[in-house]
Amino acid sequence: MRHTRPARLALVAATTLLTTLAPALGGGPAAAAAQPPLTITNPGFEQGSTGWTFTQGTGVATNIPHGGSRLIYLDAGAGRKVSQTVTAGGPGTYDFSAWIATNGTGARFAVRVNGAAAGAVDLPNRSTYARYTVSRVGLKAGDRLEIAFESGTGWVNADDVMVSPAAPADPVVTSSDPKIVEMFGWAKRKANSWVQLPGTVGPLNVDERYPSGSGTGTYGPSYWAGYAHRSAYYSRDMAHQLGGAAVLGLHDENKNMLRAFAASSTATHTYFPVWAVNFDNRTYLSIDYRSSTNYVREVPAPFELVEKANEAYRWSGDPAYLDDPVLWDFYRHTTKEFVELHDARKPNGIAEGTGNGIFAGAASYNEVGTERLAESGDAIGSQYQAYLAMAALATSKGDSALAAGFTTKAAALKEYFNTTWSGTGSGGSMVRGYTVDGQALTGWGKENSWFMPMKRIIAPGARNDAYLAYVDQQASGSGRPGNIEAISYLPDTFFAHNRNDTAWKWMKYVYDQRDVQHPVSRQGPNGDYPEVSYTLVGQTVKGLMGVEPDAPARRLTTQSRLPSGMDWLGIDGLEIGGEPFALRHDGATRSTLTNDGSATYTWEARFPGVHTSVEVDGAAREARTKVVDGTTYTYAEVSVRPGTTVTVQAR
């Protein structure tokens with residue numbers, strides 16, 4: 001048995017169950033935790049052989065585990081097996097994952113229910129750890145579940161078994177292009193495998209220094225967002241993954257994670273949220289939090305969390321996004337006191353960083369380099385979107401004065417950016433940040449470059465077009481980020497401006513790199529960075545299919561963004577506010593929506609450009625147009641009742 005990877009953690013179900021979960025989202029007392037209906041004994045093998053059955057030629061070892069201090073091994077040869085059988089305490093559907101390394105072919109990771117095959121992964125010859133999953137296994141109370149590692153032609157190392165609840169939504173994509181079908185199927189399964197099973201007891205404060213962490217806690221509704229060798233989710237990653245999570249119906253997870261960050265945004269923290277929260281939704285990850293004045297924080301994050309809270313509200317329709325005082329106070333503090341407290345060096349209404357590194361407050365998500373930024377393109381762009389989100393949330397809350405105020409603030413910030421802050425240059429000559437001594441910076445700044453068009457703060461027109469071309473040129477050449485999670489933003493950047501072919505190019509690039517080793521060795525292959533799968537799910541639905549939900553208003557907007565060569569794209573099981581829909585785009589001018597739910601929705605079907613007419617189920621209507629972010633659209637607004645299908649065609 002051989003392996004060359006450094007030790008990593010076990011973040012998995014445990015046999016001991018605590019009696020309380022994190023406080024309810026309404027801010028009330030802690031709720032009693034129900035025992036998970038399915039619990040795996042000793043999933044990280046830290047208790048040796050406890051709970052598992054071993055055949056000859058297998059055992060527990062301590063050489064280079066994936067996490068903690070132990071792993072299991074199977075020697076080469078047929079018929080060797082390590083397994084555990086448990087009885088389901090109630091009904092449910094689950095994913096089962098494990099980190100596995102192999103030195104040959106023929107080995108399998110298998111799941112059986114009552115002796116019958118429920119799913120298996122045929123393991124490739126890969127001598128470094130990667131994560132493998134058997135998805136959506138249905139169980140009834142009393143079912144006998146077997147999880148098994150089975151040998152092949154070479155040794156097998158395995159560690160860190162994890163049970164995830166299957167996502168509430170299971171959308172299915174079909175298309176004339178098999179690439180997107182394959183990509184979406186892979187991404188939704190991989191994304192679901194990162195979801196924590198609430199009530200599970202697992203380690204806290206696990207990182208590369210302390211692979212066993214510092215004690216345990218009861219995990220709440222959450223999913224991995226950040227490095228898979230740490231026991232926490234990160235604000236930046238979670239913000240980027242939220243849309244994909246919403247497509248999968250992970251609304252409880254989104255809300256609990258957002259609320260955990262919101263609760264950490266205190267006056268003591270000068271209204272910065274913490275950077276990472278353990279899966280208990282309570283405690284701050286110790287590697288990134290040393291004290292209330294010495295913790296990782298980056299200016300774009302609080303603004304992005306406000307923006308994403310509005311997005312989560314539109315997907316879920318959950319009134320807690322308006323009514324929960326912890327969330328609402330976070331929106332207000334971020335868009336007011338946070339800006340005021342971090343605007344001293346260059347008082348202009350733009351939140352600043354210190355220029356003294358991430359533990360003192362960085363201006364940009366781009367942590368590499370020595371530029372000592374005070375203001376950055378990703379921060380100002382995110383601040384702009386936070387103002388727009390605040391206006392939308394205030395409108396939904398019925399506060400028209402507050403909404404009008406933030407609409408005005410957003411417009412003024414965008415005007416200031418385009419007339420003053422970004423200078424007069426174009427492309428690589430556009431300003432994308434200012435140092436602490438007031439120097440304007442141009443050229444390639446990675447996040448503080450592509451966030452500016454992604455957040456739509458650049459005014460539409462030739463300057464914006466030139467900057468998009470510059471971003472693509474830099475990312476395609478020597479300026480390409482070395483980490484896949486940074487590249488995962490590029491599809492969003494180009495979809496935001498209807499650069500469909502370029503956005504699709506970058507989606508395919510990210511997907512095709514999934515088996516390449518991540519530059520952080522402990523992370524495994526690129527595809528095992530959680531952001532990759534979640535963003536591909538979101539980019540399929542929000543990007544290629546142009547879905548903009550508004551569940552509270554029972555509205556839905558769509559726009560085909562199919563790239564060249566993709567004749568049609570459809571999705572079944574798309575859930576908005578818990579209501580299921582099916583949507584199909586044929587080319588750029590024909591869209592079909594089926595309402596499989598119980599509520600009538602208003603559908604705005606958009607088509608870029610000016611068209612002479614629009615047909616709704618073959619009946620001509622007068623073409624209506626509107627301009628959104630500088631693009632003219634022809635559109636039709638249709639009431640779609642439950643159980644009906646409507647087709648809109650632009651001529």
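Buried denotes a relative accessible area under 20%, exposed one over 50%, and partly exposed one in between, with a 1.4 Å probe and protein chains only. By that scale, K542 is partly exposed, with a relative accessible area of 24%. The structure is a predicted model, in which local features need pLDDT of at least 70 and side-chain atom pairs count only at pLDDT 80 or more, while totals for chains, interfaces and linings use all residues. Residues are numbered from 1 along each chain as its sequence is written, and side-chain values use heavy atoms, with hydrogens and water left out.

**Overall architecture**

- The protein contains 15 helices and 33 strands, taken as DSSP runs numbered from the N terminus (helices: H or I, at least four residues; strands: E, at least two).
- The C-alpha trace spans about 70 × 60 × 50 Å along its principal axes.
- Of the 651 residues, 60% are buried.
- Among contacts (heavy atoms within 4.5 Å) with a separation of 6 or more, 69% are between residues 24 or more positions apart.

**Second largest pocket**

- The second largest pocket holds about 580 Å³ of space.
- The pocket is lined by 25 residues, of which Y227, R236, E367, N483 and E485 are the closest to its centre.
- Helix 2 (235-247) and helix 12 (484-487) are the elements that give two or more residues to this lining.
- The lining comprises 13 nonpolar, three polar and nine charged residues; Ala, Val, Leu, Ile, Met, Phe, Trp, Tyr, Cys and Pro count as nonpolar, Asp, Glu, Lys and Arg as charged, and the others, Gly among them, as polar.
- A pocket is an open set of points on a 1 Å grid over the protein atoms alone, where a 1.4 Å probe fits, with protein on both sides within 12 Å along at least five of seven lines; lining residues have an atom within 4 Å of a point.
- Grid points are joined across faces, edges and corners, and the volume is the space filled by probe spheres set on them.

**Salt bridges**

- The whole structure has 33 salt bridges, each a side-chain nitrogen of Lys or Arg within 4 Å of a carboxyl oxygen of Asp or Glu.
- K542 and E311 form a salt bridge at 2.9 Å, N to O. Since K542 lies in helix 15 (residues 530-544) and E311 in helix 4 (residues 300-316), the pair ties together parts that are 231 residues apart in sequence. E311 is buried, at 14% relative accessible area.
- E604 and R606 form a salt bridge whose closest N and O atoms are 2.6 Å apart, and both residues are buried. Shared partners join E548, R555, E604, R606, K626 and E637 into one network of salt bridges.
- K140 pairs with D143 in a salt bridge, with the closest N and O atoms 3.7 Å apart. K140 is exposed at 54% relative accessible area, whereas D143 is buried at 7%.

**Backbone exceptions**

- Most residues other than glycine have a negative phi.
- N281, although not a glycine, has a positive phi of about 65 degrees. N281 lies in the loop between strand 17 (276-278) and strand 18 (289-291) and is buried, at 11% relative accessibility.
- D629, also a residue other than glycine, has a positive phi near 50 degrees. D629 is located in the loop between strand 31 (624-628) and strand 32 (631-640) and is partly exposed, at 37%.
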